[in-house]
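Good morning, colleagues. Please take a moment with the sequence and the structure on the screen before I go through them.

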Amino acid sequence: MTTLGLVGLGRMGAAMARRLLARRIGVVAFDLDPARAESLAERGATPAADLDALVAALEPPRAVWVMVPAGAPTETTIDELARRLAPGDVIIDGGNTRFADDPPRAERLAARSIAYLDVGTSGGVWGEERGYCLMIGGPREAYERLLPVFEALAPGPSGLAPARGGAPARPEDAGYLHCGPTGAGHFVKMVHNAIEYGVMQAYAEGFDLLAAAGGDDVPDGQRYPLDLAAIAELWRRGSVVGSWLLDLTAAALARDPRLDGFEGRVADSGEGRWALASALDRATPMPALAAALFARFSSRRERAFADRLLSAMRAEFGGHREPR
């Protein structure tokens, strides 16, 4: 039986471990919070008290998947693992690492004859049930060795018609793909998240306009008190704008039609910024991403200076009074 080391058992890492165990992939689990690893023991995982114990519990050649926050935590974890692993082992980074950080990391590991795979992992909190979309970069030999792991994590055949008529089943049909050399997996995941920003912003703006249609300041004969939850459900069924994001939008509106449980301060993971920087480097226009990213920045500011200055200018040139 294939066995994988898994470091980082937050919401996504723990869900991945449970999905692997349910599909007969062994898991040796470690987290800085020992209770997280112990909670997986009843599912069949082997909890490890530290990285030394994790490496000792795996038979060579080993494979260790890292699911910790991007940046320093990931770098530190990979460096610590590299000191404990042996030639022929593989380290997989499944977090939201910036693609430019992958090649130098792979070079450091190659000096120890340790392979490195960068895996953009999409699926969020639903991945345990639905499976994960995996965008993989790195040496093909290491990728092929870990195919049982990718197949267990991925959703499996979707039932969609092949994109190329009559083509045999391909990995991408099952939800995972070797995208190219080191860094390619995280690059594709970065662009994936950039698209997600734009789609989310389009839904947000469209439903904002629907909500505004019932306002008291709308002219008579043009006021439409609309049921947004019902419209979201309608659009899910056969509409060209249907998507899983719309499914989730419909669920959120059904639970809280006025969204009173949210303040509207929208964070960003960094991948939108990286994608925009990459677009600038390549002179590739991405106006939808730029607008969506700046909208997220704007959501975190209260009475922003720019907004106050706009009101002041309108008052100066046109005598427009700011509404209170």
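This is a predicted model: local features need pLDDT of at least 70, side-chain atom pairs count only at pLDDT 80 or more; totals for chains, interfaces and linings use all residues.

Leaving aside residues up to four places away in sequence, F297 touches D268 and R273. As a reference for distance, F297 and G94 are 203 residues apart in sequence, and their C-alpha atoms are 26 Å apart in space.

The mean pLDDT of the protein is 90, and 94% of the residues reach 70 or more. There is a stretch to treat separately, however: over residues 164–168, pLDDT stays under 50. For those residues the model has four contacts beyond four places in sequence.

Let me now turn to the overall architecture. The secondary structure comes to 15 helices and eight strands. Along its principal axes, the C-alpha trace spans about 75 × 45 × 40 Å. The protein has 324 residues, of which 39% are buried. If we take contacts between residues at least 6 apart in sequence, 64% of them join residues at least 24 apart.

**Salt bridges**

How many salt bridges does a search of the whole structure find? The search finds 20. I shall discuss several of them.

One of these joins D268, which F297 touches, to R300: the side chains of D268 and R300 meet in a salt bridge, with an N to O distance of 2.6 Å. Where do the two partners lie? D268 is in the loop between α12 (244–255) and α13 (271–281), while R300 is in the loop between α14 (287–299) and α15 (305–318). The pair therefore ties together parts of the protein that are 32 residues apart in sequence. As for accessibility, D268 counts as buried because its relative accessibility is 15%, whereas R300, at 27%, counts as partly exposed.

Elsewhere, salt bridges that share partners join E75, D79, D93, D102, R105 and R108 into one network.

R84 is our next residue, and two salt bridges involve it. In one, the side chains of D52 and R84 meet at 2.8 Å, N to O. That pair links distant parts of the chain, with D52 in helix α3 (residues 51–57) and R84 in helix α4 (residues 72–84), 32 residues apart. In the other, E80 forms a salt bridge with R84, and the closest N and O atoms are 2.8 Å apart. What separates E80 and R84 along the helix? The two are four residues apart in helix α4, so about one helical turn lies between them.

R84 counts as partly exposed at 29% relative accessibility, and E80 counts as partly exposed at 24%.

**Helix α12**

At 1.5 Å a residue, the 12 residues of α12 should span 16 Å, and the end C-alpha atoms are 17 Å apart, which agrees.

Which residues of α12 are buried? L246, A250 and L253 are buried in this helix. They cover an arc of only 70° around the axis, and this arc puts them on the same side of α12. What covers the buried residues of α12 includes α10 (184–212) and α11 (228–236).

**Cysteines**

My last topic is the cysteines. A search of the whole structure finds zero disulfides. C133, for instance, is in no disulfide, and the nearest cysteine sulfur, that of C179, is 8.4 Å away.

C133 is partly exposed, with a relative accessible area of 36%, and C179 is partly exposed, with a relative accessible area of 27%.

Thank you for your attention.

Technical notes. Residues are numbered from 1 along each chain as its sequence is written. Side-chain values use heavy atoms; hydrogens and water are left out. A disulfide is a pair of cysteine sulfur atoms within 2.5 Å. Buried means under 20% relative accessible area, exposed over 50%, partly exposed in between (1.4 Å probe, protein chains only). pLDDT is the predictor's confidence in each residue, from 0 to 100. Contact means heavy atoms within 4.5 Å. A salt bridge is a side-chain nitrogen of Lys or Arg within 4 Å of a carboxyl oxygen of Asp or Glu. The expected span of a helix is 1.5 Å times one less than its number of residues. The arc is that of the directions from the helix axis to the C-beta atoms.
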